[in-house]
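Here are my notes on this model, in numbered points. Please keep the structure open while you read.

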Amino acid sequence: AQAGTVEIAFTPDDAVDQRIIAVIEGAREEVHVLAYSFTHRGIARALLAARARGVKVEIVADRRETLDLPQSALPELRRRGIAIWLDASPGNAHNKVLIVDPRSAAAATVTGSFNFTRAAQVSNAENIVIFHDNRDVARIYERYYERRRANAQPWSQTPSPRVSSP
């Protein structure tokens, strides 16, 4: 159903990372992330700030990218209390999705080619689509998020990789 607004942005010209951070800053209840590669420290800090405000933050991430990428921000997020599941069932869990408050009329969904990395902002040609105030789109992505999480392993059951700070 048509609701809310749609925002489209491209890198490197548009400040896609800042738009994603703004969506996270608007979260009131929960943020769910599906990530392939996650090294962007500013986005990591926004998730930590959301958690500090009482927002439930969860991430389903590609297992190999998370455990093998030394600059991954996810080990620090896990260490600071954010629940992370590692998805290894497909060849690559290549998703780039962020869902905010999916049960709210103010739900927001971010999707596109943009990995949560600094390189995606400054070095690559990437895109995002943000659905603002569209609970129907958020619910569709939320169901997909739940399927991916059900097929993933909680990080507490896997070895810890090297830890770096966001």
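1. Start with F116. F116 counts as buried, at 2% relative accessibility. Buried means under 20% relative accessible area, exposed means over 50%, and partly exposed is in between, with a 1.4 Å probe and protein chains only.

2. A word on the source. This is a predicted model, so local features need pLDDT of at least 70 and side-chain atom pairs count only at pLDDT 80 or more, while totals for chains, interfaces and linings use all residues. Residues are numbered from 1 along each chain as its sequence is written, and side-chain values use heavy atoms, with hydrogens and water left out.

3. What does F116 pair with? The count comes to one aromatic pair. F38 and F116 form it. The rule: rings of Phe, Tyr and Trp (its six-membered ring) pair if their centres lie within 6.5 Å; planes under 30 degrees apart are stacked, over 60 edge-to-face, and the rest tilted.

4. Look next at N115. N115 is in the loop between β6 and α5. With a relative accessible area of 15%, N115 is buried. Leaving aside neighbours within four places in sequence, N115 is in contact with Y36, S37, K96, A120 and E126. Contact means heavy atoms within 4.5 Å.

5. Now the whole fold. The protein has six helices and eight strands. Along the sequence, the pattern reads β-α-β-α-β-α-α-β-β-β-α-β-α-β. Helices (H or I, at least four residues) and strands (E, at least two) are DSSP runs, numbered from the N terminus.

6. Strand β1 covers residues 5–11 and includes I8. A9 is in strand β1 as well. Is A9 buried or exposed? At 1% relative accessibility, A9 counts as buried. The C-alpha atoms of A9 and V129 are separated by 6.7 Å, yet these residues are 120 apart along the chain. Beyond four places in sequence, the contacts of A9 include R19, E126 and I128.

7. V23 is in helix α1, residues 16–25. V23 is buried, with 8% relative accessible area. V23 and V100 are 77 residues apart in sequence and 7.5 Å apart in space, C-alpha to C-alpha. Not counting residues up to four places away, V23 touches L98, V100, A108, V110, I130 and H132.

8. Of the 166 residues, 50% count as buried.

9. Check the size. The C-alpha trace spans about 45 × 35 × 35 Å along its principal axes. With 166 residues, a compact globule would have a radius of gyration near 15 Å; the protein has 15 Å, which agrees. That radius is taken over C-alpha atoms, and the globule rule is 2.2 Å times the number of residues to the power 0.38.

10. The protein exposes about 7700 Å², and carbon and sulfur atoms supply 46% of it. Accessible areas come from the Shrake-Rupley method with a 1.4 Å probe; for residues, only the protein chains shown count as cover.
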